[in-house]
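Colleague: I am new to this structure and would like to learn how to read its features. Please take me through them in turn.

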Amino acid sequence: MTDEQWRLVEKLLPEPKSTGRKPTERRWVVDAILYVTVTGCQWRQLPHDFAHWKTVYNTFWLWRRDGVLQRVHDALREKVRKAAGKRPTPTVAILDSKSIRTAEGGEERGYDAAKKITGRKMHVAVDTLGLVLMVVVTSAGWQDHDGAVPVLARMKSRFKRLKVVFADSAYGRNGLPAWVKQTYGWLLETVLRPVGVKGFVVLPKRWIVERTFAWLSRYRRTTRDHEKTTTSTEAFVHLAVIRLMARRLTRA
């Protein structure tokens, strides 16, 4: 991180403990966690320029467990939205999923017959700026309309102003739009491909979430899943977007 980016993030981190041995400089730790996020290296393979890998990993584990990464991510998202002239919380969300390959082992690992991928599936909801509102990681064997249920359930308590959710035709199955309307009062609108058109087509609203997946593909920890738990995978999605938003805010 640059000095400006670090000052932005440092304010959002919890205060270091006042007891025990002197804590490691947190900027070294944050830079090391982001290094792992970008390069995809193993924790043990961290360059010696950073803090010791055990310190870095333990900090990542604690911040993931205590929801620190989620809170930093959400706070930066609100800042980016305000800088763009928008309200802190959105009224519109766009929902989609992406299957990624995983290493052997770990929880929630399955087969996506449509994409012919063995691994996990990231169910992501974004706002109209492409910023992540919610991410839920499941087995790749989950259908899109099934994965939408936990995503929308988590969003209900956080986004009171939400009114419309855009998604592709896969989310129109099993009565999901009617269930969403009855349960949450939201309109789940499916954006369909033009009839008779083949190949790539830019679809209204849906291109926004596809662009977000393209952003995530720049980070090796989010393009191939090596994590044992799905919560770690979700944490690396938050870290990737934290870096993106910090860069965007300091440029502004």
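Modeller: Start with charge. In this predicted model, the mean positions of the 47 positive and 24 negative charges of the protein are 3 Å apart. Lys and Arg count as positive, Asp and Glu as negative, while His and the chain ends are not counted. Each charge is placed at NZ of Lys, CZ of Arg, CG of Asp or CD of Glu.

Colleague: What should I know about the model and its numbering?

Modeller: Residues are numbered from 1 along each chain as its sequence is written, and side-chain values use heavy atoms, with hydrogens and water left out. Because the model is predicted, local features need pLDDT of at least 70 and side-chain atom pairs count only at pLDDT 80 or more, whereas totals for chains, interfaces and linings use all residues.

Colleague: How many helices and strands does the protein have?

Modeller: Helices (H or I, at least four residues) and strands (E, at least two) are DSSP runs, numbered from the N terminus. The protein has nine helices and six strands. Its radius of gyration, taken over C-alpha atoms, is 19 Å, close to the 18 Å that the globule rule gives for 252 residues, so the protein is as compact as a globular protein of that length. That rule is 2.2 Å times the number of residues to the power 0.38. The C-alpha trace spans about 60 × 45 × 35 Å along its principal axes.

Colleague: What share of the residues is buried?

Modeller: Buried means under 20% relative accessible area, exposed over 50%, and partly exposed in between (1.4 Å probe, protein chains only). Of the 252 residues, 48% are buried. As for contacts, meaning heavy atoms within 4.5 Å, residues 24 or more positions apart account for 62% of those with a separation of 6 or more.

Colleague: How do I read the two sides of a helix?

Modeller: In H6 (residues 176–184), Leu-176, Val-180 and Tyr-184 are buried. They cover an arc of only 40° around the axis, which puts them on the same side of H6; the arc is that of the directions from the helix axis to the C-beta atoms. Ala-178 and Gln-182 are exposed on the other side of H6.

Colleague: Against which elements do the buried residues of H6 pack?

Modeller: They pack against helix H5 (144–156) and strand S6 (187–190). For helix H7 (residues 206–216), the buried residues include Ile-208, Val-209, Phe-213 and Trp-215. The partners of the buried H7 residues include strand S1 (92–101), strand S3 (117–126) and helix H9 (230–251).
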